[in-house]
Amino acid sequence: MYISTRGGKGRFTAAEAIKTGLAPDGGLLVPEKLPCLDGGFLTELVELDYHQRAARILKLFLDDYSAEEIDACLKAAYSAVKFDDKAIAPVVKLVGDISVLELWHGPTSAFKDMALQLLPQLLSLALKKTGEKAEIVILVATSGDTGKAALEGFSDVAQTKIVVFYPYQGVSAIQELQMVTQEGSNVAVVAVRGNFDDAQTGVKNIFNDSDYRADLEANGFKLSSANSINWGRLLPQIVYYFSSYADLVKGGHIMAGQKVNFVVPTGNFGNILAGYYAKLMGLPVNKLICAANNNNVLTDFLRTGIYNRERDFYKTLSPSMDILISSNLERLLYLVSDGDAAKVAGWMRELTNRGCYQVDEECLKAIQETFWSDWASDAATVDAISNVFKEYRYVMDPHTAVAWRVYENYRQTTGDATPTVVVSTASPFKFSASVLTAIAGPEAAGGKNDFAVLRELSAVTGWQVPLALAGLERKAIRHSLVGNKEEMLEIVKKTLK
Ligand SMILES: *Cc1c(COP(=O)(O)O)cnc(C)c1O
């Protein structure tokens with residue numbers, strides 16, 4: 001059963017948790033108890049494929065779904081039509097004890113697909129299981145990648161509608177094109193004048209507007225979320241931590257039971273939190289290294305225990321990490337405070353009222369036992385892309401390059417030589433202008449349109465442009481609405497008319 005991080009009454013089945021997204025008291029839903037796995041479980045994973053590994057893990061959390069149902073969801077989500085690598089989340093050895101976990105082989109070329117291909121399947125079943133008659137309206141605030149991945153996952157899924165808000169001029173050109181060309185009879189895409197946090201706050205406000213929600217329900221609609229606050233988003237992400245570990249064992253890179261580090265380019269704290277859940281379940285994880293960009297609110301927090309969102313917001317080369325309020329951190333706070341929901345609720349109130357909170361010494365200690373953090377500037381990111389390509393002929397997108405750079409800092413600072421997995425969250429082609437400029441200089445990208453840049457990056461690196469990105473050039477623009485953040489509720493109302 002799932003309960004709220006803020007202590008509100010109510011226990012929810014997995015299907016109910018996935019259907020609602022957010023707990024009624026505004027908290028996040030978390031499993032009441034975590035499964036504890038032994039070495040035998042891990043050993044068994046080694047010989048399985050991604051689909052089978054996922055089935056083993058999902059089953060532990062979805063005990064109201066049958067094995068057949070979970071299988072069907074996985075088949076639909078991680079199919080050869082959607083993913084261009086049959087390993088789904090392949091692990092590539094880079095050098096020595098360092099590997100890269102590539103999470104961008106799905107339909108939108110970024111790691112959000114790992115979760116957002118599966119969530120609609122789980123949700124669709126959840127509606128059936130709970131006898132839901134209403135149409136589910138998915139509201140998404142995106143810093144770039146979530147939006148497209150959610151649109152791709154929910155497009156034309158029965159009994160759902162999806163409205164995506166992205167920061168106007170705050171996403172890459174390709175990201176924007178991916179969204180505004182989205183097909184499907186149940187989708188809407190809106191640019192909001194403001195940054196990602198404005199869009200996210202706007203969505204949260206709509207969720208917390210109980211009058212409007214009542215109004216909606218009277219008209220046969222219910223709100224839900226595909227943002228990483230939904231447990232159905234987080235759960236699929238736990239799988240690839242286990243899967244990559246099994247791959248390392250299988251490849252002979254580590255011994256079964258040996259500890260590894262994961263370096264995770266972090267924004268909303270969903271990806272890295274899934275790694276923490278994996279660790280709590282028994283995966284041999286040494287450190288989770290949280291890599292941030294210039295919006296380094298998480299680095300400060302993990303070092304000092306003080307979360308202060310009152311700071312300048314920067315647009316960086318890694319826009320999917322341009323975030324000052326990391327929603328999923330609330331689940332970490334819940335875990336490290338031993339489920340002390342009153343404490344968590346207090347900190348969240350302080351965050352809302354004062355923009356800042358400080359966790360106690362004990363919690364900070366528990367956090368630092370596992371987490372280490374640093375950040376990389378844009379200049380350091382460009383440097384990392386260029387160096388990694390020169391040395392290993394490996395092409396990193398800016399988010400992955402942030403992780404790489406932070407890992408270099410970690411290794412230098414701590415001397416820790418534990419085998420390490422760098423989690424790669426986007427195809428370099430999704431950010432091709434930045435990557436091409438880093439690798440071949442500003443002349444290479446200058447004056448070219450986005451698609452010429454894609455082709456040039458392919459020519460320079462010998463890597464293939466993902467088909468879905470290459471095909472964007474021929475697609476019609478279907479969504480062109482730009483609104484102010486104060487108008488978000490009105491826009492949703494109009495969309496549902
Ligand atoms: C969303 C995203 C991130 C950040 O992941 P979180 O789970 O929000 O921490 C990093 N890189 C890319 C490419 C992303 O799309």
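The model is predicted.

**Helix α12**

- The buried residues of α12 are Gly270, Asn271, Ile272, Leu273, Ala274, Gly275, Tyr276, Tyr277 and Ala278.
- Burial here means a relative accessible area under 20%.
- Gly282 follows α12, and its phi is positive, near 120°.

**The sheet as a whole**

- Strands of a sheet pair through backbone hydrogen bonds, either parallel or antiparallel.

**Strands β5 and β6**

- Six bridges join β5 and β6 in the parallel sense.
- Val137 stands opposite Lys161 in β6.
- From β5 the chain crosses through helix α7 (residues 145–154) to β6, and this β-α-β crossover is right-handed.
- How many of the eight residues of β6 are buried? Seven are, so β6 is largely enclosed by the rest of the structure.

**Strands β6 and β7**

- Strand β6 covers residues 160–167, and strand β7 covers residues 187–193.
- The two strands pair in the parallel sense over six bridges.
- Val163 stands opposite Ala188 in β7.
- Tyr166 stands opposite Ala191 in β7.
- Phe165 faces Val190 as its opposite residue in β7.
- The chain passes from β6 through helix α8 (residues 173–180) to β7, and this β-α-β crossover is right-handed.
- β7 is mostly covered, with six of its seven residues buried.

**Strands β7 and β15**

- Four bridges pair β7 with β15 in the parallel sense.
- Which residue of β15 is the bridge partner of Val192? The partner is Gly483.

**Aromatic pairs**

- Planes under 30 degrees apart would count as stacked, and planes over 60 as edge-to-face.
- Phe269 lies in the loop between β9 (260–265) and α12 (270–280), while Phe371 lies in strand β13 (residues 371–375).
- The pair therefore ties together parts that are 102 residues apart in sequence.
- Phe269 is buried, with a relative accessible area of 1%.
- Phe371 is buried too, with a relative accessible area of 3%.
- Why is the pair of Tyr394 and Trp463 edge-to-face? The planes of these rings are at 85°, and their centres are 5.2 Å apart.
- Tyr394 lies in the loop between α17 (378–392) and α18 (398–414).
- Trp463 lies in the loop between α21 (450–461) and α22 (467–471).
- This pair therefore ties together parts that are 69 residues apart in sequence.
- Tyr394 is buried, with a relative accessible area of 5%.

**A ring cluster and a charge over a ring**

- Which residues do ring pairs link into a cluster? They are Tyr2, Phe61, Trp231 and Tyr277.
- Tyr277 is also one of the buried residues of α12.
- The charged end of Lys129 sits over the ring of Tyr65, 5.0 Å from the ring centre.

Conventions. Residues are numbered from 1 along each chain as its sequence is written. This is a predicted model: local features need pLDDT of at least 70, side-chain atom pairs count only at pLDDT 80 or more; totals for chains, interfaces and linings use all residues. Side-chain values use heavy atoms; hydrogens and water are left out. Two strands pair if DSSP finds at least two bridges between them. Buried means under 20% relative accessible area, exposed over 50%, partly exposed in between (1.4 Å probe, protein chains only). Rings of Phe, Tyr and Trp (its six-membered ring) pair if their centres lie within 6.5 Å; planes under 30 degrees apart count as stacked, over 60 as edge-to-face and the rest as tilted. A charge sits over a ring if NZ of Lys or CZ of Arg is within 6 Å of the ring centre and within 35 degrees of the ring normal. A crossover is right-handed if, with the strands pointing away from the viewer, the path from the first strand over the helix to the second runs clockwise.
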